[in-house]
Amino acid sequence: MIYYNTISDIDSRILEPFRMCGRFADDFEVTVGGNDEGDCMEKLNDLTEQHGELVWYSGYVDEDYANGEYIGRENFVYD
């Protein structure tokens, strides 16, 4: 799944096994979901044709994800 123009606070009932965020040369920001990191990076690379070079990327982080990998809210460690 591709979540356009957002890199945080995704409101989705679908929890993919992996999510990655990226920012492109034209300042377009996106979060993509997939089965693993490679799947997500492929989706980000596909967007370079429309938005230029991928200038930053990272694993998605929220209460369900740690460094891009789905961990489930019950396993999230609060600092």
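Predicted model: local features only at pLDDT ≥ 70, side-chain atom pairs only at ≥ 80, totals over all residues.

User: Which residues make up the largest nonpolar core?

Analyst: There are 11 of them: Phe18, Met20, Phe24, Phe28, Val30, Val32, Cys40, Met41, Leu44, Leu47 and Leu54. Two or more residues each come from β2 (18-24), β3 (29-34) and α1 (37-46). A separate second core has 5 residues, including Tyr3, Ile10, Cys21 and Tyr60.

User: Why group nonpolar side chains like that?

Analyst: In soluble globular proteins, nonpolar side chains tend to be buried together.

User: OK, new topic. Where is His51, and is it buried or exposed?

Analyst: His51 is in helix α2, which covers residues 48-51. His51 counts as buried because its relative accessible area is 16%, and the cut-off for buried is under 20%.

User: What does the His51 side chain pair up with?

Analyst: The side chain of Asp26, through a polar contact of 2.8 Å. Beyond four places in sequence, His51 touches Phe24, Ala25, Asp26 and Phe28. Of these, Phe24 and Phe28 also belong to the largest nonpolar core.

User: How many aromatic pairs are there?

Analyst: The count is 3. One of them is Tyr60 with Tyr65, an edge-to-face pair with 5.7 Å between centres and 80° between planes. Both of these tyrosines are buried.

User: And why is the pair of Tyr65 and Tyr70 called edge-to-face?

Analyst: The planes of Tyr65 and Tyr70 are at 70°, with the ring centres 5.6 Å apart, so the pair is edge-to-face. The angle cut-off for that label is over 60 degrees. Tyr60, Tyr65 and Tyr70 together form one aromatic cluster.

User: Is Tyr70 buried, exposed or partly exposed?

Analyst: Partly exposed, because its relative accessibility is 34%. Tyr65 has a relative accessible area of 0%, so Tyr65 is buried.

User: Which charged residue lies over the face of Tyr60?

Analyst: Arg19 does, at 5.4 Å from the ring centre. Arg19 also forms a salt bridge with Glu16, with the closest N and O atoms 2.7 Å apart. Arg19 and Glu16 are both buried.

User: Which ring has Arg23 over it?

Analyst: The ring of Trp56, with the charged end of Arg23 at 5.1 Å from its centre. Arg23 also meets Glu29 in a salt bridge, 2.7 Å from N to O. Arg23 is partly exposed at 26% relative accessibility, and Glu29 is partly exposed at 24%.

User: How many salt bridges does the whole structure have?

Analyst: The search finds 4. Another one joins the side chains of Glu63 and Arg73, at 2.6 Å from N to O. This pair links distant parts of the chain, 10 residues apart. Glu63 lies in the loop between β4 (54-59) and β5 (65-66), while Arg73 is in the segment after β6 (69-70).

User: What else is in that network with Glu63 and Arg73?

Analyst: Asp64, as salt bridges that share partners join Glu63, Asp64 and Arg73 into one network. Glu63 is partly exposed, with a relative accessible area of 26%. Arg73 is also partly exposed, at 46%.

How values were computed:
Residues numbered from 1 in each chain as written. Heavy atoms only, no water. Core = buried A, V, L, I, M, F, W, Y, C linked by side-chain atoms within 4.5 Å. Buried < 20%, exposed > 50% of the residue type's maximum accessible area, 1.4 Å probe, protein only. Helix = DSSP H or I, 4+ residues; strand = E, 2+ residues; numbered from the N terminus. Polar contact = N/O pair within 3.5 Å; in protein donor to acceptor, adjacent residues only side chain to side chain. Contact = heavy atoms within 4.5 Å. Phe/Tyr/Trp six-rings, centres within 6.5 Å; stacked < 30°, edge-to-face > 60°. Lys NZ or Arg CZ within 6 Å of the ring centre and 35° of its normal.
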